[in-house]
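Please look over the model shown here.

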Amino acid sequence: MAADADIPSLREQIHAGPGTEDADFECTVKGMLDREYKDWPNKAGFEGLDEIRGPVELTIKGSIPTWASGTLYRTGPGQYTIEDTPKGTFRTTHWFDGFGHSHKFNIIAELDDTKDPVRVEYSSRRQTQALIDTVRRDGRRPDVCFGQRRDPCIGLFGKIMSVWRGQPTSPDPTFDNVCVTVQPSVPGLPSKAGETSQSGHRGGIKTLWLTTDANVMKEVDQHTLEPIGTAKQQRFHPLLKGPLSCAHAQRDPDTGDFFNYNLEMGFRATYRIFRTRASTGETNILATVSEADVKPAYIHSFFLSPSFVILCVPSSHLGMGGLKAPLERNMVDAMEPFHESKLCRWFIVDRRGGRGVVATFDSPAGFFFHSINAFEEHGEKDSDVNVFCDLIAYPTLDVIRSFALDVVLQNGGTTKDFWGNEERNRNCHARLVRWRFRVPKFGSHDVHDAAIPRQMAEKMFEIKAPHAGELPTLNPIYSTKKYRYVYSLANRGRSTLLDSIVKTDLVTRKAVFWDNLKGHTPGEAIFVPRPRSRDDDENDGEDRDMDEDDGVLLSVVLDGIGKKSYLVCLDAKTMEELGRAECDFAIAFGFHGLYSLSPSASSQMRYGSSLEEFEM
């Protein structure tokens, strides 16, 4: 759908060629210095947001392919203020600490309706009513947050007592603020979903879980989104008792096995990397990392390749052996000051042969939220294995504070002060980086020897913003495989958040942007592959693979000027809009989502692999 004639195309304002990366990066930095974000409003995605249990039918403009019928789940924060507390209005101070709100878009194919072949229904549910009630009663958050500024009225004694008591707990599933990613059918956990709540189709979602960067997970009803239970990682294995983990658990694309790590803090940090088998629910500790020079750190994601789990410990070290987190009541203030001497530590863990950590590497100090993908290249028999890990990286920790709500919402002079610092400005823009690790062949050293030699990782390339951005996704069929295209949310210097969706070609380094209107802020773009149909087989006469970029992208977009949202469907090849489902209300800016193929679509189509739901 074309942009309005009176609004300049953002695509025309930034080149997308591989030879203009440096110039476009400088243009982005200058845009933030010149405060071009002043005319790109985002407040409607943070204020006055409603729970809509629905479902309500949305208005379709353009067309959405019938083969994309299914369910898109989204989760993230949705409420930021609480009125009438003993201390006045409680205000959330960091985007990541908003109170959980989950969303559901049912994309329904009406195959007998030639006029309106696709309908979209929307519903949502708040996830933390018990926590909200506690804040309304006490005037403060009782839990350890990500970046929420602590109550200045709590003195040293109160902070010490909070460490002694530990994180508060409640049997009410609406108490824990778990709202970062959506995971389907997590093995090894008892479910409170009844048989009628579980999807009946083959390979479909059996249970639905929300995760965060802690060891607690929240189960929600996949139809109503009602919170129905919580589980800690000790349910997987008794040794998984540390408070921190990773929101972005990894799944084996063939078996469905579940991978994550658990971080126990103390005199020595202990990272336990584990696997839970989808077939049996059995959990095994694949490796334990506990060394004097390996610090506890905030880690949001990690990597999975066909043979290895790859854990990177970035420079986001938590002070006092992790004890500073409960003292400060948030992760951001608990982090030690950044320093170039705090190298990133990489641990390559065998997930096939039970050999534990088989190689360790260092890379320059830095930080990342999101891994993208990992794959391997093998040479001749018994040769070393090349493992490649792609991520969205930053040279310092500065980007973490760019998501403080005062910065995002342009409150007072906070935004100008933050982005007006040119050095910090440059540090806060994304870089897509590929690292190569040469993993020694089997038997080249004793993998149980603590003296495994540390090597330096090799940087293969770096693609700067805006040619790559945050919340990266890819065609899920290519998970753990060599791939070509990344889809992410770019910041071209126009918004305090993210201002477009960009397709990055990792071979040619060409970037193509969605030509969205000014003030239209996209959310994570989830790739839905076009399934190969029986008609494709009959027309081609052969069983060929589909193109990697043959599919559509689904993204929830906020029109910050009109204060309404819509679900947009883009052609993943051309980045042109095919259609949208419009709301007459705003939807909160969320984090991540899960797409599940509908039973009717999965019965009529097929993929090159067994893939019916995938999370980002």
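What follows describes the packing in this predicted model.

**Cores.** The largest nonpolar core has 75 residues. Phe 46, Trp 95, Tyr 271, Phe 369, Ile 400 and Leu 432 touch the most other members. Strand S21 (residues 367–378) gives this core its largest share, four residues. A second core of 24 residues is separate, and includes Ala 68, Cys 569, Cys 583 and Tyr 595. In soluble globular proteins, nonpolar side chains tend to be buried together.

**Helix H1.** This helix covers residues 21–33. At 1.5 Å a residue, its 13 residues should span 18 Å, and the end C-alpha atoms are 18 Å apart, so the two agree. Buried in H1 are Glu 21, Asp 24, Phe 25, Thr 28, Val 29, Gly 31 and Met 32. Down the axis they fall within an arc of 155 degrees, so they line one face of the helix. These buried residues pack against helices H7 (414–419) and H8 (422–427), and against strands S23 (431–439) and S25 (458–464). Just after H1, Arg 35 takes a positive phi of about 60 degrees.

**Cysteines.** The structure holds zero disulfides.

| Residue | Relative accessibility | Class |
|---|---|---|
| Cys 569 | 0% | buried |
| Cys 583 | 6% | buried |

Both values count as buried because the cut-off is under 20% relative accessible area.

How values were computed:
Residues numbered from 1 in each chain as written. Predicted model: local features only at pLDDT ≥ 70, side-chain atom pairs only at ≥ 80, totals over all residues. Heavy atoms only, no water. Core = buried A, V, L, I, M, F, W, Y, C linked by side-chain atoms within 4.5 Å. Buried < 20%, exposed > 50% of the residue type's maximum accessible area, 1.4 Å probe, protein only. Helix = DSSP H or I, 4+ residues; strand = E, 2+ residues; numbered from the N terminus. Expected span 1.5 Å × (residues − 1). Arc of directions from axis to C-beta. Contact = heavy atoms within 4.5 Å. Disulfide = S-S within 2.5 Å.
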